[in-house]
Amino acid sequence: MPTPDAFDLIVIGGGPGGYVAAIRAAQLGLKTALIEREHLGGICLNWGCIPTKTLLRSSEINHLLHHLGDFGFAADNIRFDLDKIVKRSRAVAKQMGTGVGFLLKKNKVTVHDGQARLAGKNTVTVTGNTTKTLTAPHIILATGARARQLPGLETDGKLIWSYREAMVPPIMPKSLLVVGSGAIGIEFASFFQNMGAQVTVVEVLDRILPVEDAEISTFVRKALEKQGMRILTGAKLGPLSRAANSVTVSVEAGGKTEKITVDRVISAVGIVGNTEDLGLEGTGVVVEKTHVKIDGFCRTGEPGVYAIGDLAGPPWLAHKASHEGVLCVESIAGLPGLHPIDWTNIPGCTYCRPQVASVGLTEARAKELGHKVRVGRFPFIGNGKAVAMGEPDGIVKVVFDAKTGALLGAHMAGAEVTEMIQGYAIARTLETTEAELMHTVFPHPTVSETMHEAVLDAYGRAIHF
């Protein structure tokens with residue numbers, strides 16, 4: 001039997017958590033191996049964050065082209081080539097994936113292609129063209145997650161799409177039903193709506209974007225409905241029937257049941273952790289609802305085994321996975337001054353139109369935790385740059401602790417808020433109070449001034465509202 005290859009660290013999974021962890025480990029002098037069974041960059045880079053944002057950019061351009069008159073322009077016969085839009089999205093994903101491979105090579109990370117499995121203490125087998133055995137005192141599980149399949153709504157690749165089929169549509173459907181209104185569902189709903197499809201969103205809960213602050217959910221719903229999107233909340237999905245080129249679904253909402261016929265259905269009802277065939281049986285790794293339980297330093301119940309990213313639970317965000325990867329590796333390396341991860345400091349972004357971004361506690365959650373709060377709001381209509389851009393529909397909401405002035409949470413909807421939320425994320429990390437934010441000078445004219453005005457509003461000092 002060949003001698004196992006010995007490493008300081010083995011990372012299983014090459015997504016935004018795994019490859020970042022591997023690179024950081026190599027920077028810290030750890031001999032590192034990374035195992036990936038499908039494609040470097042994981043779902044995020046290949047079938048998630050990057051290609052969807054490329055598609056959404058195309059849909060934003062399509063929207064602008066149809067509103068040229070608002071800016072004093074005119075154009076005739078506006079049309080798009082769906083094949084070229086999809087091809088560009090795939091090309092961007094490929095380019096970024098190639099970059100990940102280059103970075104791993106540059107940092108001297110050993111990459112193995114194949115399926116990894118724990119095979120005893122400190123041991124991993126890799127099954128690909130051949131079977132290899134690797135050993136290391138530290139093993140990070142970063143295997144990610146996949147789309148959840150609902151009974152009766154299983155994706156078939158033709159009429160009922162998962163995110164993968166929705167990302168490479170062979171046709172532009174004239175009508176579409178999106179089941180689920182989390183970030184993935186709303187982003188696809190927004191893309192297809194802006195490309196001309198008639199979109200209906202069905203959500204079992206009482207509001208869309210249920211992890212967001214309730215006010216923001218309401219604001220975004222009104223904005224999407226103003227664009228022509230139909231949204232059914234508190235809805236129950238009934239029997240589904242497939243025809244040759246359409247789907248009919250029974251939906252119960254608001255005390256009424258109706259049958260909705262559409263060209264295609266997108267299922268976006270959550271994710272399931274990839275815990276199968278990892279060799280977790282007989283270990284101290286605890287799996288709850290398909291996700292691995294970890295502590296604030298990403299340690300599992302099995303000594304020497306760690307978990308990061310979507311495999312390890314919410315929030316389901318690439319930047320959360322990357323941050324966990326870095327923290328986990330730095331903890332393994334014994335770097336001083338580390339603090340356990342605070343998941344409330346992870347900003348969330350949804351790239352629909354209008355964009356949505358948030359960090360920290362919602363107003364409702366802050367009150368549940370016993371905080372007396374001060375809340376400030378500022379609408380985009382009061383901001384000169386937003387109006388000049390033709391983007392007057394937006395809002396910024398901030399939540400402070402009334403006693404200490406601590407920034408508990410920030411919630412935004414509107415143009416480019418996904419680029420602005422980082423200001424509040426930094427404020428949270430620095431444990432900023434309202435005093436520092438009030439005395440920070442925001443440049444004019446920028447949309448970011450809405451962030452300042454919202455803080456001022458919480459304390460009765462807003463100037464432009």
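# Reading local features in a predicted model

Biologist: How many aromatic pairs does the count come to?

Modeller: The count comes to 4 aromatic pairs, where rings of Phe, Tyr and Trp (its six-membered ring) pair if their centres lie within 6.5 Å, with planes under 30 degrees apart called stacked, over 60 edge-to-face and the rest tilted. One of them joins phenylalanine 191 and phenylalanine 192, an edge-to-face pair with 4.9 Å from centre to centre and 80° between the planes. This is a predicted model, in which local features need pLDDT of at least 70 and side-chain atom pairs count only at pLDDT 80 or more, while totals for chains, interfaces and linings use all residues. Residues are numbered from 1 along each chain as its sequence is written, and side-chain values use heavy atoms, with hydrogens and water left out.

Biologist: Is phenylalanine 191 buried or exposed?

Modeller: Buried means under 20% relative accessible area, exposed over 50%, and partly exposed in between (1.4 Å probe, protein chains only). Phenylalanine 191 is buried because its relative accessible area is 1%. Phenylalanine 192 is buried too, at 0%. Phenylalanine 400 and tyrosine 459 form an edge-to-face pair as well, at 5.6 Å between centres and 65° between planes.

Biologist: Which parts of the chain does the pair of phenylalanine 400 and tyrosine 459 link?

Modeller: Helices (H or I, at least four residues) and strands (E, at least two) are DSSP runs, numbered from the N terminus. The pair links distant parts of the chain: phenylalanine 400 belongs to strand 25 (residues 395–401), and tyrosine 459 to the segment after helix 13 (449–458), 59 residues apart. Phenylalanine 400 is buried at 0% relative accessible area, and tyrosine 459 is buried at 17%.

Biologist: Which residues form one aromatic cluster?

Modeller: Trp161, Phe191 and Phe192 form one aromatic cluster.

Biologist: Where does the charged end of lysine 31 sit?

Modeller: A charge sits over a ring if NZ of Lys or CZ of Arg is within 6 Å of the ring centre and within 35 degrees of the ring normal. The charged end of lysine 31 sits over the ring of phenylalanine 7, 5.0 Å from its centre. Arginine 90 lies over the face of tryptophan 47, with 3.9 Å to the ring centre.

Biologist: What is the order of the strands in the open sheet?

Modeller: Strands of a sheet pair through backbone hydrogen bonds, either parallel or antiparallel. Here the open sheet has 5 strands in the order 10-17-11-12-13, with parallel pairing (two strands pair if DSSP finds at least two bridges between them). Its edge strands, strand 10 (160–161) and strand 13 (230–232), each pair on one side only. Strand 12 (residues 198–202) runs parallel to strand 13, joined by 3 bridges. Threonine 200 has arginine 230 in strand 13 as its bridge partner. Helix 6 (residues 183–194) packs on the sheet and touches strand 10, strand 11 (175–179), strand 12 and strand 17 (264–267). The direction of helix 6 makes about 165° with that of strand 12, on axes that are lines fitted to C-alpha atoms, for helices over the stretch in contact, with angles from 0 to 180 degrees between N-to-C directions.

Biologist: What does threonine 32 contact, leaving aside its neighbours within four places in sequence?

Modeller: Contact means heavy atoms within 4.5 Å. With those neighbours left aside, threonine 32 is in contact with Phe7, Leu9, Val11, Ala22, Ala25, Ala26, Val109 and Thr110. Threonine 32 has its place in strand 3 (residues 32–36) and is buried, with a relative accessible area of 1%. Its side chain reaches the backbone oxygen of leucine 30 at 2.9 Å.

Biologist: What joins the side chains of glutamate 330 and arginine 24?

Modeller: A polar contact of 2.9 Å joins them; the term means a pair of N or O atoms within 3.5 Å, where within protein one must be able to donate a hydrogen and the other to accept it, and residues adjacent in sequence count only if both atoms are side-chain atoms. Glutamate 330 is in helix 8 (residues 318–332), and at 14% relative accessibility it counts as buried. Not counting residues up to four places away in sequence, glutamate 330 touches Arg24, Leu28, Leu335 and Leu338.

Biologist: Where does proline 315 lie?

Modeller: Proline 315 lies in the loop between strand 21 (305–307) and helix 8. Another cis peptide bond runs from arginine 353 to proline 354, with omega near 5°.
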